[in-house]
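Colleague: Before we go through this protein together, could you show me how to read its features one at a time?

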Amino acid sequence: MRAAELAERIPGAKLFGEKWKGCCPAHQDLRPSLTFKDGDKCILMKCFAGCALDEICQALGLRPSDLFFDALDSDPQRRRAAAQQRERKVREVAAERQTRGRRIDALREADYFVRAREGLDISQWTHQKLDDELNVLADAYALLSSEAHAA
Ligand SMILES: [Zn+2]
């Protein structure tokens, strides 16, 4: 699934740049506190009121694994091609940031995090493992977006 598809399920979802904001389905959300966007491997989603990813997925009738782009793609060649494309994009972003002389520690960390998981077969993961991984990704994303604001 992609962020644009997820947006169809989120009340009041609006696109700001490449990031979506909308009302969190897991709590009584009067001002949009859910933010999500396409990451490198999956949709990165965070409720700033503190709802767990699992709760949000449950409220949407989704499994955390549905947030991965390749969740339904069983062709290993296509998965590898998609992984390489994401790898390139991560490098482009890293290079661009470096050129601008900005602090890239957080990005490097996110980059490493993504690379370390290249080629993993998530179909063998437990529900808990997926949930943990996605929570780490969501935190990395929150860190990156807070750094973008500070810069
Ligand atoms: Zn929430």
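**Contacts and the zinc site**

Modeller: Of the contacts in the protein with a separation of 6 or more, 52% are between residues 24 or more positions apart, a contact being heavy atoms within 4.5 Å. This is a predicted model, in which local features need pLDDT of at least 70 and side-chain atom pairs count only at pLDDT 80 or more, while totals for chains, interfaces and linings use all residues. Residues are numbered from 1 along each chain as its sequence is written, and side-chain values use heavy atoms, with hydrogens and water left out.

Colleague: Which residues are the protein donors of the zinc ion?

Modeller: Donors are N, O and S atoms within 2.8 Å of the metal (3.2 Å for Na, K and Ca), and sites may look incomplete because water is not among the atoms. Here they are Cys24 (SG), His27 (ND1), Cys47 (SG) and Cys51 (SG), lying 2.0 to 2.3 Å from the zinc ion. Cys24 lies in the loop between strand E2 (19-22) and strand E3 (34-38), and Cys51 in the loop between strand E4 (43-47) and helix H2 (53-60), so this pair ties together parts that are 27 residues apart in sequence; helices (H or I, at least four residues) and strands (E, at least two) are DSSP runs, numbered from the N terminus.

Colleague: Why is the arrangement called tetrahedral?

Modeller: Ideal angles for four tetrahedral donors are 109.5 degrees. Four donors count as tetrahedral if all angles lie between 85 and 135 degrees, and the four donor atoms around the zinc ion subtend angles of 100 to 118 degrees, which makes their arrangement tetrahedral.

Colleague: Is Cys24 buried or exposed?

Modeller: Buried means under 20% relative accessible area, exposed over 50%, and partly exposed in between (1.4 Å probe, protein chains only). Cys24 counts as buried at 3%, and Cys51 is buried at 16%.

Notes
Four donors count as tetrahedral if all angles lie between 85 and 135 degrees; four count as square planar and six as octahedral if opposite donors are over 155 degrees apart and all others between 65 and 115; anything else is irregular.
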